[in-house]
Amino acid sequence: MTQKAHAKINTFLKITGHKNGYHTLLSRFIKVPHLYDTISFVPQECEKFTIEGCGDVPVESNTIYKSFLAMQNSINEQTDFFRHHKVVVEKNIPTGAGLGGGSSDAGAFMRLFNEVCNLQIDTPTLAQIGSTVGADIPFFVYDYDSANVSGFGEVVEPFDDEPFEIELFMPDIHCDTPLVYKTFKRELFDEIEPTSFEGWETLMTKEVLHRADAVMANDLYRASLIAYPQLKEIAPKDWYFSGSGSTFFRIK
C-alpha cells in the first residue's frame, strides 16, 4: 500500500488576476520523475489519525490530514481504516522549495486512500475535493506528466509536451509561499501584462523558455528575490525558477 508523490516544476508561471483574496494564474506544471516522496499505509493500531515522517508539522495542519477530512466529508461516511493503519511519509522533496512537496503528498494520499478503501470517487471529483484543501493538489491528483494549470489551480488540462531532462538546484533556503504571493500583490501586481504571455499554453516548454528569461517566465521570481534577497547571490546563470521557490532548474 504505497504511492509515489512526485515533485513538480513550473516551467512558466504567470499571474492573471486576483479574486476573493487569491491570485489566479496560468502555469505549466511538469512532473519531476527522479524526485518523489513515498506515501505508505502501514498496519498499526492507532487511537487517532497518525502520520509519521513529516517532522514537527502538527497532524491537524498537515495537508494529508486535511485531505482525509475533505474526502470523508465528501462521501459522508466514516471509515475505521486509519484506526488500524498509520500513514508513513518518506520525505525527499524539501519544503519551501517550489516543488509542491506538501501538495504532492496530499494528492498521492488521496489516490491511495481512494484505491485501497475502494471509495470509487472518480478522478475529477477527487481533484475538486483536493482543490478545497490546496491550490496545487488537483494537478497531483490527476498525476499527469505535464499539464497547463489555470484559475486558482483547479483547472488542470493535460499537455503533450516534448520530452526533456530536468536538472535541479535546491539551495537551503525555505521560501514561504504566502509571503511571496503577498509580496507580489504589494510590489508587482500592477505590472501584469496578459498580452505578454498570450498563447504560451499552446507552446512546447522549450519554445516558451527560448522566448523568456527567468524573470519573464515566472512572475513570482521577482517577488521571491524581494522577499529573500539572498537568492540573487546564489542564482545560477541561465537557470529558471520554480513556483515561489527556492528551487532553480534547467532543462536539456
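On a 1 Å grid over the protein atoms alone, a cavity is a set of points where a 1.4 Å probe fits but cannot get out, and its lining residues have an atom within 4 Å of a point. Grid points are joined across faces, edges and corners, and a volume is the space filled by probe spheres set on the points. The structure discussed here is a predicted model, in which local features need pLDDT of at least 70 and side-chain atom pairs count only at pLDDT 80 or more, while totals for chains, interfaces and linings use all residues. Residues are numbered from 1 along each chain as its sequence is written, and side-chain values use heavy atoms, with hydrogens and water left out.

A search of the whole structure finds one cavity of 30 Å³ or more. The largest cavity has a volume of about 60 Å³. Among the residues that line the largest cavity are Lys-31, Arg-111, Phe-139, Asp-143 and Tyr-144. Helices (H or I, at least four residues) and strands (E, at least two) are DSSP runs, numbered from the N terminus. Strand 1 (2-19), helix 2 and helix 4 each supply at least two residues of this lining, and the largest share, four residues, comes from strand 1. By type, the lining divides into five nonpolar, two polar and four charged residues; here Ala, Val, Leu, Ile, Met, Phe, Trp, Tyr, Cys and Pro count as nonpolar, Asp, Glu, Lys and Arg as charged, and the others, Gly among them, as polar.

The charged side chains come next. A salt bridge is a side-chain nitrogen of Lys or Arg within 4 Å of a carboxyl oxygen of Asp or Glu, and the whole structure holds 13 salt bridges. In one of them, the closest N and O atoms of Asp-145 and Lys-31 are 3.5 Å apart. Asp-145 lies in the loop between helix 4 (137-142) and strand 5 (146-151) and Lys-31 in strand 2 (residues 22-43), so the pair ties together parts that are 114 residues apart in sequence. Buried means under 20% relative accessible area, exposed over 50% and partly exposed in between (1.4 Å probe, protein chains only). Asp-145 is exposed at 56%, whereas Lys-31 is buried at 15%.

Asp-143 forms a salt bridge with Arg-111, with 4.0 Å between the closest N and O atoms. Asp-143 lies in the loop between helix 4 and strand 5 and Arg-111 in helix 2, so this pair ties together parts that are 32 residues apart in sequence. Salt bridges that share partners join Lys-31, Arg-111, Asp-143 and Asp-145 into one network.

Aromatic side chains form a further group. Rings of Phe, Tyr and Trp (its six-membered ring) pair if their centres lie within 6.5 Å; planes under 30 degrees apart count as stacked, over 60 as edge-to-face and the rest as tilted. By this rule the count comes to 25 aromatic pairs. The rings of Phe-41 and Phe-109 have their centres 5.7 Å apart and their planes at 70°, so the pair is edge-to-face. Phe-41 is buried, with a relative accessible area of 4%, and Phe-109 is buried at 0%. Phe-49 and Tyr-65 form a tilted pair, 5.3 Å centre to centre with 55° between the planes. One aromatic cluster includes Phe-41, Phe-49, Tyr-65 and Phe-109.

Note on methods. On a 1 Å grid over the protein atoms alone, a cavity is a set of points where a 1.4 Å probe fits but cannot get out, and a pocket is an open set with protein on both sides within 12 Å along at least five of seven lines; lining residues have an atom within 4 Å of a point.
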